Amino acid sequence: MSSPNLTAEQIAFQERARAWLEANPAPETDLELPLSPLELATREQVEYYRDWQRRCYEAGLVGADISESYGGHGHSGCQSIANREMSRAGAPFLLNTVGLSMMIPAVLAHGTEEQKRRFVPKALSGEEIWCQGFSEPGAGSDMANQQTMAVRRDDEWVVNGHKVWTSFAQFAKHMILIARTSREHKYDGLSFFLCPVEGHPGVTIKPLVKMTGELGFNEVFFEDCVIDDSLRLDDVGKGWTVAMTVLTHERGAAEGAGGGISSVHPIERLIALARSSMRNGRRASDDPVTRDAIVQQAIAHEGLRQNARRARVPALNDHPMRLRMQQGVLATELEQSCARLGVDIAGARSTLYKHDAAAPENGYWPLAYMNSYGFTISGGSNEIQRNILGERILGMPKSK
Amino acid sequence: MIDSPPRDFGFGPDEEMLRDLARKFLDESLPVEKLRVLVAEDHDSVYERHELPRWDEAMWKKIVELGWSGLAVPEEAGGVGFKRVGIVGLVEEAGRHALPSPLVATLNATYVLDETEGASDWLARVAQGTTASLAMTNAEGSWEPSEGGVSAREEGGDLVLDGTAYFVQDAFKAEVLVVAAHCGGDRALCVVPTSSAGITLVPDRIHDLTRDQATIRFEGVRVAKENVVSRDAVGALERAWPSVLVTVAADLVGCAEWQLQTTVQYAKDRKQFDRPIGFFQAVKHPLVNAMLDIDRARSLVYNAACTIDYGDRDEALKAARMAKSAASDAGAFISDRSVQLHGGIGFTWECDVHIFFKRSMHNQALYGDGIYQRSKLAETMIGEI
Ligand SMILES: Cc1cc2nc3c(=O)[nH]c(=O)nc-3n(C[C@H](O)[C@H](O)[C@H](O)COP(=O)(O)OP(=O)(O)OC[C@H]3O[C@@H](n4cnc5c(N)ncnc54)[C@H](O)[C@@H]3O)c2cc1C
C-alpha cells in the first residue's frame, strides 16, 4: 500500500506498528470472548484485555500522540495509523475505551497539570478503567436534563442521584461524571467530575441485564457520595462544554479505537451461512432474493470502506466533515442489517440461541442482531446523529 | 497489475483542475434557468409536436474546444488518454448540470473503440471532436454484449449490415455509430457514419428532456473493411464495460447531488406551520438518508474508476457494478424525495426537479439498474445458480 501523504515519522511508525503486530499476535485463550467491549462480562475477560492493552501500550500503539510527560509516546499524527494497523491485523479491541477516547481528550483539553499527570498514564496502560456517567432515567438524548445533584461543602462536593446504562462501571476505578451544580440554568448549571467509584463510599453499582440475557451495563446510585474539589474538571458550570469535548471524541472512536470486532469478513460470513442453509428446497445461496440481499450488504460494506478512503482526499470532499460524520451511523446500521440478514438466512435455525448445541455459529446471528442495537442507541442515537447531520452538514433548522 | 491502486484514487492536481474548470464552465454556461429555457420551456414541442429534445450546439463546440469529448482517447491515437478517475470527475459535473450533449455517449463509444486493434483512425477523429454512440442493444433492451439486433454478411471484402439497433443514446447527436453486429459465429465491431446510405434513425419518444434516443434501422449498409475495427466485439464490449458503467454512475451521482442540494434549499426556504419544513424530521431525516446514499455511491464511483485505472479487470467490473447499483438506487431515492418534498409545485412542469428526475430515471435503467447489477454481482461473489 503506497502512502504518499505520510511524513517520515509516520512511515517509520507504521512500519514498526505493522511489524510488532505481526510478531505479537493476541495470546491464545480458552475464554469465550465478547463481540465488543460493551459485552464484557467476566473479570477473566477483563484481565485478558487489560493485558493486551498493556502490551499495545508498551509497544507504542496506545497513547502514540500523547506527550511523554503524561505517559504517552510523543508522536504526532500516529494514533490513527496505530488504530488502522490494529484493525487491519484483526487485533483484539482495547479495553479502556472510555478512558482512552473520552476521559483523556477531556482531561487534556480541560484538566489541570496535576489531573493530567495523575490520570492519563494509568488509563493508557489499562491499569485504571474508566466508565461514563452521563445518562440518567430522565436524561438520555436530552443529556442536559441532568438531575443528579452535586452540592458544594467547603472543598468537597456531595453527590446524590442515579445514573443508568453505565457500561464498565462494574470494572471501573473512576467515572467521568456530569452532574447538576445549579438548578437555575439548564446547560450552564452543569459541572464535570473525575469521580472515584471502585469501593468509594456512597456509590452503589447494580448490574442491568440486557435484552440478550447477558450482563453488560449497570445503574449507579449516588447517596451522599463525597468528591474532593480537586477532581472537578474545568470550572463550575462548564460541565456541558466538557461533555461536548467528550461526545465529539466518542463517536469518532467507534471506528478503529481498537481491533476488529470480528476477524471474519462479515460478507464472507453471510455467504458461508447462505451456502449451508436450506430455503424452499434449495440452498439459500441459490435463492435470488437472498442473493440480492447479500450483495446489497456487500455494497454497503464496500461503500463504508471507500467512504473512509475518500474522506482523506480533500479534493473529493466539498464539506470537510460531511463524510466523517456519517461513518458512525453507516457502520452501526451495516452491522445491524448484516446480522439481521443472517437471522433471516438461518431460517428456523435462527431460533436457536447461544446454549443450544445445534445453533449455527453458537447463536451468533440472533445475538449479534440484538447486540447491534447497543451501537445504534448508545453514544447519541442514530436519530440524533441524523439531526446533527441534517443541521450541521446540510444546514437545515434545528429540530430541538 | 502495475501497482496497488493509490489511496487517493489517483485523483491528483490535473483531475482536480479539469473538474473545477468544468464546474465553472457549466455554472456559467448552463445555469438551471438556462437549462429550463433550453429543454423545458416549450412543452408542446416535445409533447405535442414530438420534436427532438433541444441541446445547445454552440456550447458543445466550446466543449469540443475544451477537449472533453476526446479525453478518453489514448495518447498514441492523438488524444490525452485521461485517467478514468479524472473523467468521472468531469462527468459528475455534467450530471450535476443535466448537460444535454453527446458527451457520455461519445465517451462510452470511445472506451469500446479503445479496446480494439483497428480503430486508431477513428479514435484520432474522436480526439478531433467527432461524436459517437454505441449501437449494440436489441429490442428487449439486453445489456449483454453477446446479444444484439444487427447482423452482418461479407460481400466483396466489405460487410453489409441489416437489422435494428435499439435504445441508442444521443443518436441524433452522434456523427458515427459503433455497431456490434452478428457475423457468423462472431460479432464484428463496425464504425459507421450515421449519415450512411441505408441507415434510418427513428426517434424514441422518451421522458428525459436532456438527451435523445433512437431505434436505428440498418438496410444493406455497406461497411468498408477498414471500418470493421474488430472481429471480437463481445470482448471489446466486455473489456470496456466497467468504464461504461462507471461513467453513467458518475452522471447519476452528479445529478443526485443537484437534487439533494435543491431540495435541501427548498426545505430551508419553504415555511409551513410557521417553520421552515426542514425543521420537521419527516423532511430532514430522509434528506440525510439521501446524502448517505449519494456519498456511498460517489465513493464507489471513484473506487471503480481507480480500479479501472490501476487494478485488475475482474475487480474493475465488480467495483463498477457496485458503483452503478449504488448510484442507481441513490438516484431513485433522491428523485423520489425531491418531488415529494417540494409538494404540489414539485409535481409541476414549472419546477425544475422533473428535469433531473427524468434524467436520473433514464440513467438508472441504462446498462442495468441496481437489481440487475446485483444479480450479476451475485454470480461472481456467490456463484452461478
Ligand atoms: C449498550 C449501551 C451502552 C451505553 N453505555 C452508556 C454509558 O456507558 N454511559 C452513559 O452515560 N450512557 C450510556 N448509554 C446510554 C445512551 O447514551 C442513551 O441510551 C442514549 O443517549 C439514548 O438515551 P435514552 O436511552 O434515554 O433514549 P431516549 O433519549 O429516551 O430516546 C428514545 C428514542 O427517541 C429518540 N429520540 C429522542 N430524542 C429525539 C430527537 N430529538 N429527535 C429524534 N428522535 C429522538 C431516540 O433516538 C430513541 O430512538 C448506553 C446505552 C446503550 C444502549
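Ala, Val, Leu, Ile, Met, Phe, Trp, Tyr, Cys and Pro count here as nonpolar, Asp, Glu, Lys and Arg as charged, and the others, Gly among them, as polar. This is a predicted model, in which local features need pLDDT of at least 70, side-chain atom pairs count only at pLDDT 80 or more, and totals for chains, interfaces and linings use all residues. Residues are numbered from 1 along each chain as its sequence is written, chains are lettered from A in the order in which they are written, and side-chain values use heavy atoms, without hydrogens and water.

**Interface**

Select chain A and chain B: 46 residues of chain A and 50 residues of chain B take part in the contact (heavy atoms within 4.5 Å). Next, show the side chains of Asp292(A) and Arg374(B), which form a salt bridge at 2.7 Å, N to O (a side-chain nitrogen of Lys or Arg within 4 Å of a carboxyl oxygen of Asp or Glu). Between the two chains the count is six salt bridges.

**Largest cavity**

Move to the largest cavity, with a volume of about 130 Å³. A cavity is a set of points on a 1 Å grid over the protein atoms alone where a 1.4 Å probe fits but cannot get out, and lining residues have an atom within 4 Å of a point; the volume is the space filled by probe spheres set on the points, which are joined across faces, edges and corners. Select Val104(B), Asp170(B), Arg211(B), Asp251(B) and Arg359(B), the closest to its centre of the 17 lining residues. By class, this lining has eight nonpolar, five polar and four charged residues.

**Second largest cavity**

Finally, select Arg310(A), His319(A) and Asp295(B), which are among the lining residues of the second largest cavity. Its volume is about 50 Å³, and its lining divides into two nonpolar, two polar and five charged residues.

Terms used
1 Å grid on protein atoms, 1.4 Å probe; cavity = no way out; pocket = protein on both sides within 12 Å on 5 of 7 lines; lining within 4 Å.
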